[in-house]
Amino acid sequence: MGRLDRFRLGRDGRREQPSLSRRGFLVTSLGAGVMFGFARQASANQIFPLDNAGPGDGAFEPTIWCAIAPDGIITVNIIRAEMGQHIGTALARIIADEMEADWSKVRINYVDTDPKWGLMVTGGSWSVWMTWDVFRQAGAATRTALVEEAARLLGTTPDKCTVANGIVSAGSKQISFGDIVAKGHPSHSFTPEEMAKLPLKPASERRLIGNAELKALDIPSKTNGTAIYGIDAKVEGMVYARPKMPPTRYGSKVRSVDDTDAKKIKGYVRYLLIDDPSEVVQGWVVVLAESYSAAIRATDALKVEWTPGETIHTSERDIQDRGRQLINNKDGGVYIFNDDGVDQAFSGAHTVMDQEYTCASVLHYQLEPTNALAFEKDGVYEIHAGNQWQSLILPTLAKSLQVPESKVILRSYLLGGGFGRRLNGDYMIPAALASKALGGKPVKLILTRSDDMQFDSFRSPSVQRVRMAFDGSDKITAMDYQAAAGWPTGVMAEAFMEKGVDGKPYDQFAIAGGDHWYEVGAFRVRALRNDLAEKTFRPGWLRSVSPGWTSWGVECFLDEVAHRQKKDPAQFRLDLLTAQGRNKGQAPDSVGGALRQAAVVRRLMEKVNWGKTSLPKDTAMGLATTAGQERGMPTWIGCVAQVHVDRSTGVVTCQKLTIVVDAGTVVDPDGAKAQTEGAALWGLSMVLFENTEIVNGMPVDRNLNTYTPLRIADTPDMDIEFLPSTEKPMGLGEPGTTVVGPAIGNAIFNAVGVRLRHMPVRPADVLRALQNT
């Protein structure tokens, strides 16, 4: 059973979610005797361009994924969240290419949480990878049905017809998709077996997928201001709300509330104590007002006394020390790999290398602070917000509101940045409960930047211990990798966790990246759940999740080994990327295995003239390579960072990032490059600029005056290349994040000879290391 199936079955592994799989809808349609092709108005929330009213009466809807109107407009339904990655454009290309649609007539439509859409989640760089097969089949089914009806209208047979750019031709006769719908009655039903056998276009005949000349469908509305984000949502008669945040994420209890000063604020309405049956939101007080500015001021004026939770004095150091304690304890944890012979190799080793790497907490600080509009209408609670994992928060909202899931619906909006923060929908709960307390009245709750950063679902601080055993000829005989951190999946989606080789569940998103593709002899990987971290805050899936920090430990450690053995770090890696055993890969997701990662490294070496370029004093290149976000869907990526280190100040300047990627088929070239650029700059930001620290149970940074991500002036030159491929497309939202940190750490060593093992790298750290050299 796959992880998606486990999630659909629910936490107890038995309860089926009230939703159908994407393929299952087609099966159900057939079983119910429903033929494709029925008229209805579009029920979705947003259609781009916004001036289009949807498919309208008489539309032909061959599958749930698209509809063709009599005027030829094709509307593609998108269940993924749009947060700047142009996912609607990428997915629409897949189905439109397979059906041979006219791109100028394609529109995208972000849908609500009707159960018919199945699992709705946007994260893990999964969207294109998860949708590829489904949309290609749906496109082929649509094309087949249209050609059959076109043949009837043209007085011929389907085998005499060709189709291109939305036109079906038979000799000198032609008919458009729109006219087929307007004049005919296209209908066809397919069994799952027939769907699987539908002829799909070969890569050589694709004209939309990989086409760099196509215009993105979502850009105009974002640039002319007509795009609607969650924070823009409004309904008649709503009141505004802002939460008063308790002193700890968990366990805080309200002792008293004094709103004497809040009552002096014009527009103040009242406050509410939030009692959340799901226990996600604990100790929150919500302030209501007639305007958001009044809500902000009244919240500041409200005096609340709490009894704090048990982590009121917990620090970042406490959490890191707890991680070390867990690693040093031989019991506990979950084994991801545990090859025979690891202990024997270490006990009989000629030499052993043993290093610890640590990474600090990192916040999301997305541009649009979290927000939600909630109200009750006809017995159903509507939640209007941007969110990345609607299927995850729906059951929690139902539990909070004490209603069946069928009585809650999410209306999806564009996200002004997500990066994993909105996989957690906790911010919807106080809005929903406030509305319920007011008898279903609309409540628009918006967190300020400081509120948002205080209770962000941020990246957990982490500890990695990496060991390697060598024989007398310095050959690697074994590797032992262990990592301790808070587990976001364990906290928020336990049923989604995978199982280790010892049968125990673990959070794959807190260890991915440690399970690399190098040949290192007997290999052990152990994941450890930091319980103190999870008591203190709500760990989150920050962009790239664990490969954002596991790559720091793995790739810096390998670099240390290469230097210790006096080998070129790039060639050293190539020698380990042998694609033997579990590293040979398998169809359809990792065809070629580690050999494709090796090809990336070789191309990277060619691009930067690796080892042959003369650079100024204290300036050097460093290299790192990973499989991207997850081992099961590898995006092979490599990065060379060129840095200069100022020995007097310790400031590290990144001058250039050169990146090579093999992500399989690139569906949307412009979007792919933009995502890789953004991810790489996030990686740069995390290694040299941003991070926070837990003080008294909370992140110490509450706004961008002290939280200092990468600025434009710090942005280096970038050279990004995608290797040509016709393999199944993998993800691109996150892999770029994974390689930049270790590439810079390795470049610093090459530049000035100091090895930094904590991320971020601060000037003071560099100076201290230089003084100790």
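The lining of the second largest cavity divides into eight nonpolar, three polar and no charged residues, where Ala, Val, Leu, Ile, Met, Phe, Trp, Tyr, Cys and Pro count as nonpolar, Asp, Glu, Lys and Arg as charged, and the others, Gly among them, as polar. The model is predicted, so that local features need pLDDT of at least 70 and side-chain atom pairs count only at pLDDT 80 or more, while totals for chains, interfaces and linings use all residues. Residues are numbered from 1 along each chain as its sequence is written, and side-chain values use heavy atoms, with hydrogens and water left out.

**The cavities**

Begin by selecting Val 121, Gly 123, Gly 124, Trp 126, Trp 389, Leu 423, Phe 496, Phe 509, Trp 541, Val 545 and Gln 629, which together line the second largest cavity; the space inside comes to about 90 Å³. A cavity here is a set of points on a 1 Å grid over the protein atoms alone where a 1.4 Å probe fits but cannot get out, and lining residues have an atom within 4 Å of a point. Grid points are joined across faces, edges and corners, and a volume is the space filled by probe spheres set on the points.

The most comes from α16, with four residues. By class, the lining of the largest cavity has five nonpolar, nine polar and four charged residues.

**Arg 249**

Next, select Arg 249, in the loop between β9 (239–244) and β10 (253–258). Is this residue buried or exposed? With a relative accessible area of 2%, Arg 249 is buried, a label that means under 20% relative accessible area, as against over 50% for exposed and in between for partly exposed (1.4 Å probe, protein chains only). Its side chain reaches the backbone oxygen of Val 280 at 3.0 Å, and a polar contact of 3.0 Å joins it to the side chain of Asp 426. A polar contact is a pair of N or O atoms within 3.5 Å; within protein, one must be able to donate a hydrogen and the other to accept it, and residues adjacent in sequence count only if both atoms are side-chain atoms. Leaving aside neighbours within four places in sequence, the residues in contact with Arg 249 (heavy atoms within 4.5 Å) include Gln 282, Phe 455, Thr 536, Phe 537, Arg 538 and Met 698.

**The nonpolar cores**

Now show Met 468, Tyr 481, Leu 684, Ile 744 and Ile 748, which touch the most other members of the 106 residues in the largest nonpolar core. Such a core is a set of buried Ala, Val, Leu, Ile, Met, Phe, Trp, Tyr and Cys residues joined through side-chain atoms within 4.5 Å. Around Tyr 481, neighbours within four places in sequence aside, the contacts include Val 466, Ile 511, Phe 523, Val 525, Trp 549 and Val 554.

**Backbone features**

Two glycines come next. Gly 417 lies in the loop between β18 (408–412) and α12 (428–437) and, at 7% relative accessibility, counts as buried; the C-alpha atoms of Gly 417 and Gln 85, 332 residues apart along the chain, are separated by 9.4 Å. Gly 379, in the loop between β16 (371–377) and β17 (380–385), is partly exposed, with a relative accessible area of 34%.

Most residues other than glycine have a negative phi, and most peptide bonds are trans. Against that background, select Ser 125, whose phi is near 60° and which is buried, with a relative accessible area of 13%. Asn 609, in the loop between α18 and β25, has a phi near 55° and is partly exposed at 36%.

Finish at the cis peptide bonds. One joins Ala 587 and Pro 588, with omega about 0°, and Pro 588 sits in the loop between α17 (569–576) and α18 (594–608). Another joins Met 759 and Pro 760, with omega about 15°, and Pro 760 is placed in the loop between β31 (758–759) and α21 (763–772).

Conventions
1 Å grid on protein atoms, 1.4 Å probe; cavity = no way out; pocket = protein on both sides within 12 Å on 5 of 7 lines; lining within 4 Å.
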